[in-house]
Amino acid sequence: MNPTNVLIASITSYESVNEERFKLAVKMAEEATKAGYTVILVDDSPTEVWGKLKEAGAHVYRCSEKGMGFARRESVKKAERYLHINHPGEQGVIIMTEPEKSDIIRFIPEIIEEILKGNSDIVIPMRSEKSWKSYPWFQEEIEKVDNFVYSQTTGIRADPMFGPVAFHSDIAPYFKYCKPSTYGVSDNYIQHIAPIEACREGKRICAVEIDFIYPPEQKAEEEGPKFSEMVKKRLWQQKQLVETYFKVGKALQLTV
């Protein structure tokens, strides 16, 4: 497959070009573009930030509505549309990921291999033990619990808390139309819920273990000056996600 048929769909929102997360997003866009992949970003940052992301090689679109769920659905729609316009009649692979995960670029061939072989429709990358060791210790503790609840309530053994998910372009409708609010939960984590809905309808999902390394500069911030802020954020996120997994599992009659 032509590398440009592999599209990275993500959402960005930064206050300034001085943010560490913004610098990581620029690095991701630059490395992905250098490797020949197409980066699609839906952004609601100030103009200066928006312009720098474009300079890094990303195709940047202004987010027309507020909310993570809307922005994520919009990123998939933009990626699908880009593929249809620039590669008419061709198939592709879309990878949803957080823009700060620049190290994910070097693992893309491994992540999409089973999709290209026709063995899977969706791939949820999972972190190896080497990868986990690069994370802030409190994030590892919290996210392993979240992953356990996900597997128990949905029957899908994966690492959704890692974040990235890759899927064949034919599967895009599951992501661009996913509405978590249907289940009475926050309209945020479509990358977690869309695979559940697709699996229930017979689509094939597999997990691929990779040695992704968490950005050291981000880890230093989160274990240092932002420790209190990040622990509170992770615990709040855990409460939200655990509730989501149970509600979705019950609604789709997947709960054990």
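Visitor: How many residues in the lining of the largest pocket are nonpolar, how many polar and how many charged?
Guide: Happy to start there, with the note that this is a predicted model in which local features need pLDDT of at least 70 and side-chain atom pairs pLDDT 80 or more, while totals for chains, interfaces and linings use all residues. Residues are numbered from 1 along each chain as its sequence is written, and side-chain values use heavy atoms, without hydrogens or water. A pocket is an open set of points on a 1 Å grid where a 1.4 Å probe fits, with protein on both sides within 12 Å along at least five of seven lines, and lining residues have an atom within 4 Å of a point. With Ala, Val, Leu, Ile, Met, Phe, Trp, Tyr, Cys and Pro as nonpolar, Asp, Glu, Lys and Arg as charged and the others as polar, the lining has 18 nonpolar, 13 polar and 16 charged residues.

Visitor: Which element gives the largest share of that lining?
Guide: Helices (H or I, at least four residues) and strands (E, at least two) are DSSP runs. β1, α3, α6, α8, α9 and α10 each supply at least two lining residues. The largest share, six residues, comes from α10.

Visitor: Which residues lie nearest the centre of the largest pocket?
Guide: The lining counts 47 residues in total. Those nearest the centre are R21, R72, E98, E100 and K233.

Visitor: What is the centre-to-centre distance in the tilted pair of Y135 and Y214?
Guide: Rings of Phe, Tyr and Trp (its six-membered ring) pair if their centres lie within 6.5 Å; planes under 30 degrees apart are stacked, over 60 edge-to-face, the rest tilted. Among ten aromatic pairs, Y135 and Y214 have 40° between their planes and centres separated by 4.3 Å.

Visitor: Which residue places its charged end over the ring of Y135?
Guide: The rule asks for NZ of Lys or CZ of Arg within 6 Å of the ring centre and within 35 degrees of the ring normal. Over Y135, 4.8 Å from the ring centre, sits the charged end of R127.
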